[in-house]
Amino acid sequence: MTQSATPPVARQKPTPTTLHGQTLEDNYQWMREKESPELIAHLREENAYTLSVMAPTEQLQAKLYAEMLSHIKETDVSVPYRENGWYYYTRTVEGSQYPIHCRRIAAGEAFDESQTEQVILDVNQLAEGQPYMAVGGMSVSPDGEKLAYSTDNTGFRQYTLHIRDLKTGADLPDTAERVGSLVWAADSRTLFYTTEDEVTKRHDHLFRHRLGDTVAEDAVVYEEKDERFNLGVGKTRDGKYLLMEAGSHTTNECSYLSSETPGGMFKVIAPRLDEQEYYVDHRSGLFYIRVNDTGKNFRVVTTPVDGKGRESWTELIAEDKEAPLEDFDIFEAFCVSSRRQLGLPSITVTTIGVDGSLGESREIGFPEPVYSAQAHLNREFVTSVLRYNYQSLASPASVYEYDVKAGGSKLLKQQEVPGGFDPTRYGSERVWVEAADGVKVPVSVVYRRDLFKRDGSNPLYVYGYGSYGYPLPVGFSPVRLSLLDRGVMMAYAHIRGGGEMGDSWHDAGKMMVKRNTFSDFIAVTEQLVQKGYGAKDRVAIEGGSAGGLLMGAVVNERPELFRVVLSHVPFVDVMNTMLDASLPLTVAEYEEWGNPNEAEAFAYMRSYSPYDNLKPGSYPAMLVKTSLNDSQVMYWEPAKYVAKLRTLKKNDAPLLLHINMDAGHGGASGRYDYLKEIAFDYAFLLTQLGVEKV
């Protein structure tokens, strides 16, 4: 690609929108014309300019990439899990971009490497000749003879269904387009799958497919007509029931069908009620339901399979007002409660008697002040052990097996980090910051012990998201070492709008109180500097998607607080997007952001929309990244944002836009290509912070 030393100047074509007596000015709406030669030429000019500005960092990029790669075990294998007489696992091979999915016959209780390996899906083969490749769903039939899987080769998250004969390794002619979730019935000949609407990408149909039938013969089992709701399909852990879920951001409804009778009709467990969510599994003739009907922190109830809706519910585990119940897993002889306590995950294992009564409970202990832990690794219903994942900002990911009877955990595998990594050189802490309204906000920090001075001189990096009730993960990342080893103090802000403290934490940062998310992030940054965690003139921030909205909002409010901004696929054109109901996600997202067709919501959303609040002045150094085939935040949002900001920015700090012309919302799909993208970002960050010179 050619390079350019001059930033592109986009053509302006005023396209005003008037609503509620107010007018939104938009000079760049023409950028929505994806097939326009002018648009493609402009995006290529943006890339050329970015490459020109970044050219002096090419050696640093190569150095960072080599560092990151040195900390990754390129040839590796996951911990095998047992399911229906097979052990399944994933492995990677040095030089190959994608994983290889494999299995071996389960000849005994333990995994036996002497059994012949069968490769069921080599994603590297699927990716041959493709600029992008992602596998969506994967489901092996109960008899182990067929694999249903879906692929996307553009990044637009538009998946094609394939069914592979695992005896021959050949794909059958059975196929379908725009598929979502997949699940087999007990007969191993009937597959259920959801499909999405062509325009809005809402999963609104459930189909039943019989092996050998054409897609035209597939029966429509259900159509979801409420535009707020998406469909999904799955199965209870014991395999006895298929579950169909219709869910919005705040409400859902589950229906069931015996896996033995796939030709039957799904029956609703409890009709949907606004603001009520419930999630279902099955054991011994009872549905076990995690539900928020009596409070936002959820409780667990049971009901007979043929029960009469909510009137048949019997409480098993009461709501805990202090510890939200994030998940509940049921097995033959025990259950697992996954909660949040002061924002940190906890896992409690409780035995279950033959009569269904709860027995002894034990909480699994974790050694560090900041960590992530998930108890979702078991596939089989009948088991005496629980597998869980544990990691922290300083400790690599580990898979443990907890013996329910004995009460102890055994390490099965810890992620190997080559290249001289020593975990004792790194420390992590949890810091509490006071928000503008007095609420305490948790922050997870990590640093290299010998380089962190605690005197306010370190460069400071702050990451944030704060939307959709998503708890910001605090897991291990080997690529992060390239910043920590250069003395960068890294912080992860668990601001309101996320889910670290349960649904109430989410509610406190969405809709008509969304600005709490932004003020929390500003407070976190300011107080970390005040506490000596970083230098006030060396602050870098990063966020993506809804976190990109966060970046745009806080930069508009306090541009002088930040020196460098990394903004990925940012949701910055809030008003125009949320006023266009034809776009993917818009209608469903009314429950997260508000509906701007309502005057009060319009005024509030406009008050923080980054694109609509840009004004003349000085701005931090900014690298804005997007992908042409993004289906969640359309490419034109960051493209318009940068074009408008170029006309208003008064200082000479770089403003760069980089567009991946062959990817989607998550960026590059291959693991090596992804590392190169991170090396590019870090080169920008480190040079703009003055940590590295070029």
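Colleague: Where is Thr-383 found?

Modeller: In this predicted model, Thr-383 is found in the loop that lies between β27 (372-374) and β28 (385-391). Its side chain reaches the backbone nitrogen of Val-385 at 3.2 Å, and, not counting residues up to four places away in sequence, Thr-383 touches Phe-331, Phe-334 and Asn-378.

Colleague: Is Glu-253 buried or exposed?

Modeller: Buried means under 20% relative accessible area, and Glu-253 has 12%, so this residue counts as buried. Glu-253 has its place in strand β17 (residues 252-258), and a polar atom of its side chain lies 2.9 Å from the backbone nitrogen of Arg-272. Once the neighbours within four places in sequence are left aside, the residues in contact with Glu-253 include Met-244, Val-268, Pro-271 and Tyr-278.

Colleague: How are two packed helices described?

Modeller: One gives the angle between their axes and the distance between those axes. Here helix α6 (residues 515-530) and helix α7 (residues 546-557) pack at an angle of about 65°, with the axes 10 Å apart. This makes α6 roughly perpendicular to α7, and the crossing of the two helices is right-handed.

Colleague: Which residues make the contact between α6 and α7?

Modeller: From α6 come Arg-515, Thr-517, Phe-518, Phe-521 and Ile-522, while α7 provides Leu-549, Leu-550, Met-551, Ala-553, Val-554 and Glu-557. Sorted by kind, the residues of this contact between α6 and α7 are 8 nonpolar, 1 polar and 2 charged.

Conventions
Residues are numbered from 1 along each chain as its sequence is written. This is a predicted model: local features need pLDDT of at least 70, side-chain atom pairs count only at pLDDT 80 or more; totals for chains, interfaces and linings use all residues. Side-chain values use heavy atoms; hydrogens and water are left out. Helices (H or I, at least four residues) and strands (E, at least two) are DSSP runs, numbered from the N terminus. Buried means under 20% relative accessible area, exposed over 50%, partly exposed in between (1.4 Å probe, protein chains only). A polar contact is a pair of N or O atoms within 3.5 Å; within protein, one must be able to donate a hydrogen and the other to accept it, and residues adjacent in sequence count only if both atoms are side-chain atoms. Contact means heavy atoms within 4.5 Å. Axes are lines fitted to C-alpha atoms, for helices over the stretch in contact, and angles run from 0 to 180 degrees between N-to-C directions. Angles under 35 degrees count as roughly parallel, over 145 as roughly antiparallel, 65 to 115 as roughly perpendicular and the rest as oblique. A crossing is left-handed if the near helix is turned anticlockwise from the far one by less than a right angle, and right-handed if clockwise. Ala, Val, Leu, Ile, Met, Phe, Trp, Tyr, Cys and Pro count as nonpolar, Asp, Glu, Lys and Arg as charged, and the others, Gly among them, as polar.
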